Number of protein chains: 2
Amino acid sequence: MATETKEQKYKVVGTRPIRQDGFDKVMGKARFGADITLPGMVHGKVLRSPHAHAVIKSIDTSKAEAHPDVLAIALSADLAVVGEEMAELGEETYTALKYVKDKMLASDKALFKGHPIAALAATSPHLAEELLSLIEVDYEVLPSVTNVEDAMKPDAPLLHRQMTTGGINDEQVGGTNIAAHNQFDLGDIEKGFAAADRVFEREFRTKSVHQGYIEPQNGTASWGPDGHLTVWCSSQGHFGTRNSLAKLLGLHESKVKIVYMELGGGFGGKHALYLEPLAAVLSRKTGLPVKMTMSRAEVMEATGPASGSHIKAKIGVTSEGKITAGQASLAFESGAYPGASLGGAANNMFSPYDIENIHVDTYDVVDNKTKTSAYRAPGAPHGAFAVESVIDEIAEALDMDPMDLRIMNGAHEGTRRLNGVVNPRVGMLETAEAVKSHPHYSAPLEGKNRGRGVAMGFWGNGAGPASAMASVASDGGVLLTVGTSDVGGTRATAAQQFAEVLGMAAEDVLPQVGDTDSVGFSSGAGGSGVTFKTGWAAYEAAQDVKRQLVARAAAIWETDVDEVEYVDGVIRHRSDPELHTTLKELAPNLNTTGGPIVGRANLNNPGAGGAHGANIVDVEVDPETGKVKILRFTAFQDAGTAINPDFVEGQIQGGAVQGIGWALNEEYFMGAEGQMMNTSLLDYRMPTILDLPMIEAVIIEVPNPAHPFGVRGVGEVGLVPPLAAIANAIHNATGIRMPELPMSPSVMLAAIESHGNGH
Amino acid sequence: MATETKEQKYKVVGTRPIRQDGFDKVMGKARFGADITLPGMVHGKVLRSPHAHAVIKSIDTSKAEAHPDVLAIALSADLAVVGEEMAELGEETYTALKYVKDKMLASDKALFKGHPIAALAATSPHLAEELLSLIEVDYEVLPSVTNVEDAMKPDAPLLHRQMTTGGINDEQVGGTNIAAHNQFDLGDIEKGFAAADRVFEREFRTKSVHQGYIEPQNGTASWGPDGHLTVWCSSQGHFGTRNSLAKLLGLHESKVKIVYMELGGGFGGKHALYLEPLAAVLSRKTGLPVKMTMSRAEVMEATGPASGSHIKAKIGVTSEGKITAGQASLAFESGAYPGASLGGAANNMFSPYDIENIHVDTYDVVDNKTKTSAYRAPGAPHGAFAVESVIDEIAEALDMDPMDLRIMNGAHEGTRRLNGVVNPRVGMLETAEAVKSHPHYSAPLEGKNRGRGVAMGFWGNGAGPASAMASVASDGGVLLTVGTSDVGGTRATAAQQFAEVLGMAAEDVLPQVGDTDSVGFSSGAGGSGVTFKTGWAAYEAAQDVKRQLVARAAAIWETDVDEVEYVDGVIRHRSDPELHTTLKELAPNLNTTGGPIVGRANLNNPGAGGAHGANIVDVEVDPETGKVKILRFTAFQDAGTAINPDFVEGQIQGGAVQGIGWALNEEYFMGAEGQMMNTSLLDYRMPTILDLPMIEAVIIEVPNPAHPFGVRGVGEVGLVPPLAAIANAIHNATGIRMPELPMSPSVMLAAIESHGNGH
C-alpha cells in the first residue's frame with residue numbers, strides 16, 4: 001500500500017508561513033507583562049531576607065506606616081487565612097497551605113536569601129524600594145545549608161521543624177530536610193542484575209541552574225471595589241495563575257481575571273506565582289492598581305531554578321550489550337519548600353530503552369535556597385546525564401558502537417515504561433538510526449584534544465484541557481482565540497492546524513491568546529503540550545466552523561445539509577455542480593443569512609506522544625585553560641508531525657543551547673553565608689552567540705497516532721541529551737569521565753590535572 | 001385559563017440584582033477610552049477649520065514637518081484612496097466615499113467650523129496642539145448657511161458642487177443643498193382627507209441639539225508593523241467601528257481589532273468615527289501608538305448632534321374623532337454631508353395610531369454645520385413634537401379628552417404602519433390606559449400659569465446580529481462575554497437572561513464586553529436592541545451550556561443523554577432519584593470528565609418589538625421671565641418584559657430628562673459667521689438635577705411574542721413624547737401653542753407678549 005507523504009497529505013501543516021505575532025516581537029511592539037500602565041497605578045517592591053536562614057522574631061512596620069509616602073504594606077497574614085482555619089484542616093493540608101503562603105511572604109522564618117518578607121506600595125518603584133528600609137525586621141540568624149548532600153546529613157540545619165519524610169521505607173519522623181522518599185519499580189530489579197554479566201555504577205552531581213528567560217517576573221493587579229481582581233502578568237499558564245491566585249487570596253476563580261501579556265520566555269519557570277499575590281494585596285489595600293516587577297538579581301535569587309542533584313546510577317548489561325537492569329537513586333534539592341522535579345527524572349531517564357527491570361529511589365530535599373521550579377523537561381536532563389554517561393561507558397567497555405548499543409536496547413511500540421505506560425508508536429529507533437546515518441556521525445574529527453559524543457533522551461510529554469474559539473470575519477479572515485500561553489509560536493501552529501481543516505491560507509487565520517474571561521479553561525504551556533492540545537482544539541473549532549458553513553450553504557441553497565460537502569476549501573452541492581461557494585464568498589453575507597459563525601472547541605484529550613531526541617557533539621578541550629569549545633552540534637528530535645518546521649528547529653536549537661550552558665558554565669555559586677554570588681547575567685554566564693556553533697536541527701517525523709495531525713510535543717526533549725552528549729565528547733577528547741556539572745574551565749582543569757596524576 | 005404571572009414564571013428576570021459593572025463605575029475604576037496608556041505612546045491633535053465654509057486652496061505642512069517635535073501629520077490623502085480608483089467606481093459610490101473621507105479630514109473644502117483639516121502627532125497633547133499652528137492653510141472663505149430653511153433657498157450658498165437631489169418628484173439637478181427628497185405612502189392620502197370632517201395643519205421648527213454624553217470622543221491606535229491595527233476607543237458598536245475603519249484605511253476587517261473600553265454615554269452619537277482613523281494614520285506614520293481625545297468644544301462643534309428641522313403636519317379627522325389622514329413634510333438639516341435621520345421621523349411619527357392613509361415627504365438638506373448623527377430614537381422626537389401637538393389641538397377642538405382621542409385611534413395588533421410592517425402584539429392601548437388611570441392624570445392642578453399636557457410616542461426598535469460566549473469556571477461561576485457595547489447595564493441584563501435559563505443566581509454570571517477578536521460579530525448598541533438581541537444570544541448560550549451539562553452528567557452516570565434533564569437548576573436522572581447534581585457541583589470536575597464547557601450563540605433574529613411611550617407633565621410658566629418649570633413628570637413605557645426594572649426606569653427617566661432639555665433649553669446657537677456660540681456645557685445648558693422634579697417611571701409590560709422572555713427595546717422611545725407633552729402643558733397653562741423648540745425663556749416671553757397682543 002502506497003503511503004501518502006506529508007506533502008501530499010497537507011497544504012498548510014508542514015509549511016513555514018510568517019508567524020502572526022512575529023512582527024510585533026521583532027519590532028519591539030509586543031506588550032509584555034511590564035508594559036501595562038493603568039490610570040492611578042502605583043508601584044510595589046519587595047523587602048527580602050538578607051539571610052539564608054533566620055527566625056523572624058518580629059516585623060515592625062510602624063515607622064513605615066507612619067511615613068506619608070507609604071501607601072500600603074503587605075505581610076504574610078494578608079494572604080488567605082490558614083492559621084485560624086487550621087482546626088478544620090488536616091495537618092498535611094495545613095502544612096501544604098502554609099508552605100504556599102510562606103513562599104509568597106515569610107511568616108515565622110526566612111528560608112533563603114531573597115525570601116520575601118513584606119511588600120510595600122508607593123507612587124514610584126524607586127520610592128517604594130527606598131521606603132522598604134523603614135520596615136524593621138528582627139532576625140535570629142541560623143546556620144544554613146545550600147546543597148542537597150549537606151542538607152541530607154543528620155546534623156544539617158533543619159528548615160522546617162514539622163517536617164517528616166512522607167515517603168515509604170524511611171524511619172525518619174521529624175527532624176529532617178528530606179520531605180519525601182519515593183520508590184518507582186518496574187519488573188524485578190534483583191532478577192535484572194542477576195541476569196547481567198556486568199554492572200556499571202557511577203555517581204553524579206549537578207548544580208542549580210536557572211532557565212534564564214529574558215523577561216523578569218512581573219504582576220500588575222487591580223482589585224475592584226467588589227472584590228473582582230484583574231491581573232496582568234506574563235504566565236505560562238494564566239488559567240493556572242488564576243486558580244492559584246484565587247486560593248491564595250480567598251477568592252472565587254470566576255472573580256479573578258488574568259490578562260495574558262506576551263511571555264518573554266518561561267521554560268517551566270513561569271507557572272509559579274511570585275509578585276501577583278503581593279500586587280493584589282497592595283491593590284486591595286490602596287484601592288489602586290499596583291505594578292510590580294523584579295530586578296535580574298531578584299529573578300536569580302528568588303524565582304525557581306532547576307534543582308542541584310546527587311544521582312547514583314547503576315546499569316546491568318549482558319556481554320552482548322542487552323541491558324537487563326536499571327537502577328538509580330536521585331536526591332534533588334527543592335529549595336526552601338518541598339517539591340523537586342523528581343518524577344520527571346525518574347520516569348524518563350531509562351525510557352529511551354526497553355528495560356524490563358528498573359528501580360528508582362527519589363529524595364525530595366529542602367535546603368536554604370529559593371524554591372526550585374520546572375525547567376524544560378524537568379528532572380529529565382539530570383537523569384539522562386547519569387544514564388547516558390553510563391551507557392557511553394558500557395559501549396566503550398563492551399567495545400560497541402554507542403548508537404548500536406542504544407539501538408539494540410531501543411524502546412519501541414509496546415515497551416512498558418517505569419510509570420506503567422505501554423508505549424504507543426514512538427520514534428526512538430528512527431531517531432537513533434537518523435543519528436547513525438547522519439554525515440556528522442561518520443565525519444572525521446582530526447586535531448588534538450578533540451572528541452565526539454552522543455547521547456539520547458526521552459520526554460513523556462503531557463497535555464490537559466484546551467479551548468479555542470474561532471470567529472469568521474466579514475473578509476473571510478478567521479479570528480482564532482486560544483487559551484494557552486504562546487511559547488515559541490504556538491498560536492501560529494494552532495492557526496496552521498485550523499487553516500488546514502478549512503483549506504484556507506495560514507495567514508488568513510489571526511490567532512490571539514485570550515484572557516481567562518474570554519476563552520474556555522486551558523491548561524498552561526507545559527509538558528510540551530501546547531501544539532498538541534491547542535492545535536487539536538483549533539482543529540475541532542475548525543470542524544465546528546466547517547459544519548456551520550455547510551449548514552449555512554444548505555440553508556441558502558434550500559437543500560438538505562447532507563447534500564452539501566466541504567472539499568479542499570470549497571463548499572459544494574454533492575449533485576448540483578452549479579452550487580458551490582467558499583468561506584471567503586460566504587463570509588460577507590453571514591450576518592444576513594442567519595447570523596455570525598463562531599466555532600469553538602473545549603477538550604481534554606489524552607495521547608500526547610512521547611518524544612525522543614539525540615545529539616552528536618564535537619568538542620575541543622583546551623588543556624591549558626580547561627575551556628571546552630563546542631565545535632559542532634547536531635540535534636535530532638522526533639516531532640511526530642512538524643506543524644511548522646521553523647518553530648520545531650527553533651525548539652531543538654534552543655534546547656541544545658540551554659544544554660550547552662548547563663553542561664559547561666551555568667551554576668548557582670553559593671557563598672559561605674548561603675547567598676548566591678552570581679546574580680547578574682554577567683556573572684551567571686549563559687552561552688552567547690560567540691560561544692556556539694550553528695546548531696544543526698534534524699527533525700524526525702514519526703506521527704503520533706493519537707493526534708489528528710500526528711503532533712508530538714517538541715519543546716522539552718531537546719534539553720535532555722546535551723549534558724551527557726557533551727560529557728561523552730569530553731571523555732572522547734580527554735579520556736576523562738566527568739561526574740559533575742558544570743564542566744567549567746576550573747573543574748575541567750582540576751580533572752585534567754587529577755587525570756594526569758593517574759586518578 | 002389562568003395566566004402565570006411574571007413573578008411565577010421567572011426567578012431572575014424581573015429582579016434587580018446589583019449590576020456587575022456598577023462598582024467600578026461608581027468608584028471611578030472603570031476604564032474608559034481615554035484611560036488607555038501604551039508604551040511609547042504619543043498624542044495627536046486636530047487642526048480644524050476656523051471657517052464655516054471655505055475652499056481649501058492649499059495646505060502647507062513644510063514648516064510643521066521641519067519642526068523636530070512634529071512626529072507626523074495626517075491629511076485627507078492619507079485615508080484610503082478613492083480619487084485614483086474613481087474610474088472603477090460609479091459616480092454615486094465615489095461621491096459617498098468622498099463624503100466619508102472628507103468628513104474625517106477635509107480635502108478640497110471646509111464645510112463647517114471645526115471641520116478637521118489635518119492631524120498632528122507629538123509627545124504630548126499640549127505640544128501637539130501648539131504645533132498645529134505651524135500648518136498653514138490657505139482658505140478662500142465663502143458665505144455659509146447654518147439652518148435648514150435657508151439652506152433650501154434657491155440662492156443659498158451651495159456646499160457640494162456635484163450635489164443633485166437623489167429623490168423622486170424633484171426637478172433640481174445640481175446646484176442644490178437638498179441631497180434627497182423621499183416620499184412615504186400608506187393608503188390614499190387624498191381619500192383620507194376627503195373622509196375627514198376637519199383638517200388641522202401646523203408648522204414646526206426645531207434646532208440642532210446634542211446628545212450631551214459626558215465622555216468626549218477618543219481613539220488610541222497602534223498600527224503594527226505588519227499592518228495589523230489595534231484601536232482602543234469607546235464606541236456604541238465596536239464591530240461597526242472596525243468595519244468602517246477598515247474601509248477608510250484600506251485594511252481587511254480581520255486585521256483590525258477594536259478593544260472595547262467603557263462607554264461614557266453615547267445615545268446614538270458614538271457609532272460614527274472621528275478620531276480613530278486619524279490616530280491610526282498617525283500611528284502608521286510614527287510607528288508608535290497614538291492617543292487622541294476631544295475637548296468639549298470639539299465634541300460640540302465637530303461630532304454629530306440631532307438635526308434642526310422644519311416640519312409641516314396635517315391631520316384629517318371626523319367629527320367623532322376618527323383620524324382619517326396624516327400627512328407631513330419633514331426637512332432636516334444633515335450638516336455638512338447628507339444623511340439626516342428622516343426615516344426614523346417618517347416611520348414613527350404616526351405609528352401610535354391606526355391611520356389608514358398617510359403621506360410623508362422628507363428632505364435631506366446639507367448646511368454648514370457638523371454632520372448630524374443618531375440621537376435616541378433618531379428623528380422620532382421631531383416627528384412626535386409635530387403630530388402630538390396637532391393631536392392635542394384636535395382634542396381641544398373636538399372637546400375630547402386627549403387620551404380618549406388617542407385611545408380611539410390607537411394602534412393595535414394588525415395595524416399597518418407607514419413602513420409596511422403589520423403590528424404584532426403592541427402595547428399602545430395598555431400604555432394609554434395606564435396614563436388615563438394613573439393618579440397624576442386626574443390629580444388637581446391648582447395655581448396660576450400652570451398646565452398639564454400629555455403626549456405619546458412610538459419607536460420601532462431594531463436588532464441585528466449578536467454573539468455571546470459563556471465559559472463555566474471551576475467555582476461554578478460563568479464568564480459571559482458579549483459582543484455589544486454596554487449601554488445602561490445591558491451586560492447585566494444579558495447575565496440575568498443567562499442565569500434564568502440555568503436557574504442560577506445572577507451574581508454568579510460575570511459578564512464582560514469582548515473585543516472584536518474575542519467574540520463573534522455583534523451589531524452595536526442601537527435601535528434599543530441590545531437587551532433583545534444580546535439577551536437572546538445569552539439565552540441561547542445558556543441553552544448550549546445546559547445541553548453540555550446534561551450530556552456530561554449522562555456520560556458520568558453512564559446513561560443515555562435522553563435520560564437526563566435539567567430542571568430548576570438541578571441536573572437529574574429522569575427515573576433514578578439517586579442521580580442528581582448541579583452546575584456548581586459539576587464545575588470543579590469538568591476538566592477531568594471530558595474538558596471545559598463553553599457555550600456560545602451567534603444569531604441575527606428578527607422580531608424586536610416596537611415600543612410605545614407616553615408622558616403626563618405639569619408645568620408652571622413664569623409670565624415675567626418666560627421660564628418654564630417642570631412641576632411633575634410621569635413617564636410611561638411598554639418594556640415588553642422588564643428584565644431589570646431598575647435599568648428600565650433609568651432609561652425612561654433619562655429619556656424624559658433629555659426631552660426636557662430639548663424642549664426647554666438646548667440648542668446650537670449659531671453666530672453670524674456660521675460658528676457655534678455655545679460650545680461649553682456652561683453655555684449649552686442641559687437640565688441639571690436642580691431643574692428637574694423626580695421623574696416617575698411607569699413600566700407597562702406587554703411581552704414581545706417574538707422574544708424568549710418577551711423583551712422589547714426600552715432605550716429610545718422615552719425621548720419621543722416629552723417635546724410635545726411639554727408644549728401641550730404650556731398651552732394648557734398659557735393658551736399658547738408653541739410651534740418651535742426650544743421653548744426657552746426668551747422665546748416664551750416673546751410668545752406671551754405676542755399672545756397678549758392678540759396674535
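Begin by selecting A:N644, which is buried at a relative accessible area of 1%, where buried means under 20% relative accessible area, exposed over 50% and partly exposed in between, with a 1.4 Å probe and protein chains only. This is a predicted model, in which local features need pLDDT of at least 70, side-chain atom pairs count only at pLDDT 80 or more, and totals for chains, interfaces and linings use all residues. Residues are numbered from 1 along each chain as its sequence is written, chains are lettered from A and ligands numbered from 1 in the order in which they are written, and side-chain values use heavy atoms, with hydrogens and water left out.

A:N644 sits in the loop between β25 (628-638) and α19 (645-664) of chain A; helices (H or I, at least four residues) and strands (E, at least two) are DSSP runs, numbered from the N terminus. Now show the neighbours A:T15, A:R16, A:P17, A:T493 and A:Q496, which A:N644 touches when residues up to four places away in sequence are not counted, contact meaning heavy atoms within 4.5 Å. The side chains of A:N644 and A:Q496 are joined by a polar contact of 3.1 Å, that is, a pair of N or O atoms within 3.5 Å, of which, within protein, one must be able to donate a hydrogen and the other to accept it, while residues adjacent in sequence count only if both atoms are side-chain atoms.

Next, move to chain B and select helix α19 (residues 645-664) together with helix α20 (residues 722-734), whose axes come within 8 Å and cross at roughly 55°. That angle makes α19(B) oblique to α20(B), since angles under 35 degrees count as roughly parallel, over 145 as roughly antiparallel, 65 to 115 as roughly perpendicular and the rest as oblique. Among the residues that meet here are B:G655, B:G659 and B:W662 in α19(B), with B:L723 and B:I726 among their counterparts in α20(B).

Then look at the loop between α20 and α21 (745-756) of chain B, where B:P742 lies, and inspect the peptide bond from B:L741 to B:P742, which is cis with omega near -5°. In chain A, the bond from A:L741 to A:P742 is also cis, with omega near -5°.

Finally, select A:E558, in the loop between α17 (530-556) and β20 (564-567) of chain A, which has a positive phi of about 50° although it is not a glycine. A:E558 counts as exposed, at 74% relative accessibility. Most residues other than glycine have a negative phi, and most peptide bonds are trans.

Notes
Axes fitted to C-alpha atoms, helices over the stretch in contact; angles between N-to-C directions.
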